[in-house]
Amino acid sequence: MNQSEANPSWPYRLGLPAWALPGWTGSYFRRSQPGRAEYAKVFNTVEGNTTFYRIPTPQLVDQWRDAVAGTYFRFSFKLPRTVTHDSRPALDDLDTFLRVIAPLGEHVGPLLVQFPSHVGPDSLERIEAVLARLPQDQSHALEVRHPAFFNHPEKLEPLLKRHQAARVTMDTRPLFRGDLNHPEVRAARHEKPDLPVLDTVYNQRRYLRLVLHPSGEGNQRYLEAWADRVAEDIDNGIRSYVFIHCPNNLHCPEMARTFHAALGQRLALAPFPIWPAGQSVQATLNL
């Protein structure tokens, strides 16, 4: 394994909210190659957000499997919104979704079970109905956005223990503590929750969604702080997934490389791979 491939010796997983965006082509990935296979040469996981909007076809799943064959790659798919966001969970849709992605086998990582802000402690039975439907041998991470779950995290703890689920840590502080008039931030503010950061690891799994500011201003202190925390997690045997977000996600690849470099100052890590575009991308942000 050389620097042109994502290294399986990384003691954690690092990825982005998508594995192909038009703005990444030419700078990070080549136009002439399929985005999925190129992405998997750099990163070892991805948040599969498209599954939130529609269940993939078996043919598309076959393409995904072929793109990551022989790699250390893991998909972290978000459950369909009909399962988590409709007033009644469409458990039949969940069964269909699980059946469709099954051919990916070991390439399926933790499933992202995201509930909206109106699902609070009075809806624990609704949350549990979904978690209970997931395969026991499949890892999953629960994201909740109701403020009561942050003021009283113990309300979720019995459920997390029963289902051996991780709880998502989402940190949007870089976004909301930075320049709110930045055009990319103005467009994204209504989509991202401004909630407290709950830095508690459940069931030996960290699932971090770090939302950075597109200008880069102020990001470094959060990147350094999370590099400290993830290094500590790794030392303690905690399986860690780190996903780097930012409004419109244009700057995420370089921000992820910056995070890996910060973590590498704390742990002995294999280097970040060379971008498949074949050029050394210079940081243009004040990361």
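Trainee: How much space lies in the second largest cavity?

Mentor: About 40 Å³. First, the idea. Rolling a probe the size of a water molecule over the atoms shows where empty space is left. On a 1 Å grid over the protein atoms alone, a cavity is a set of points where a 1.4 Å probe fits but cannot get out. A volume is the space filled by probe spheres set on the points, which are joined across faces, edges and corners.

Trainee: What should I know about the model itself?

Mentor: The model is predicted: local features need pLDDT of at least 70, and side-chain atom pairs count only at pLDDT 80 or more, while totals for chains, interfaces and linings use all residues. Residues are numbered from 1 along each chain as its sequence is written, and side-chain values use heavy atoms, with hydrogens and water left out.

Trainee: Which residues line the second largest cavity?

Mentor: Lining residues have an atom within 4 Å of a point. Here they are Pro110, His140, Ala141, Ala166, Arg205, Arg206, Tyr207, Arg239 and Tyr241. Two or more residues come from each of β5 (140-143), β8 (205-211) and β9 (239-245). β8 gives the most, with three. Such elements are DSSP runs numbered from the N terminus: helices (H or I, at least four residues) and strands (E, at least two).

Trainee: How does this lining divide by class?

Mentor: Ala, Val, Leu, Ile, Met, Phe, Trp, Tyr, Cys and Pro count as nonpolar, Asp, Glu, Lys and Arg as charged, and the others, Gly among them, as polar. This lining has five nonpolar, one polar and three charged residues.

Trainee: What makes a pocket?

Mentor: A pocket is an open set with protein on both sides within 12 Å along at least five of seven lines. The largest has about 800 Å³ of space and 34 lining residues. Pro17, Asn49, Thr50, Tyr53 and Lys78 lie nearest its centre. α2 (50-53) is one of the elements supplying at least two lining residues. The largest share, four residues, comes from α2. The classes are 17 nonpolar, nine polar and eight charged.

Trainee: Which residues are closest to the centre of the second largest pocket?

Mentor: This pocket has about 310 Å³ of space. Of its 18 lining residues, Arg13, Arg74, Pro110, Arg239 and Tyr241 are the closest to the centre. β9 gives the most to the lining, with three residues. Seven lining residues are nonpolar, five polar and six charged.
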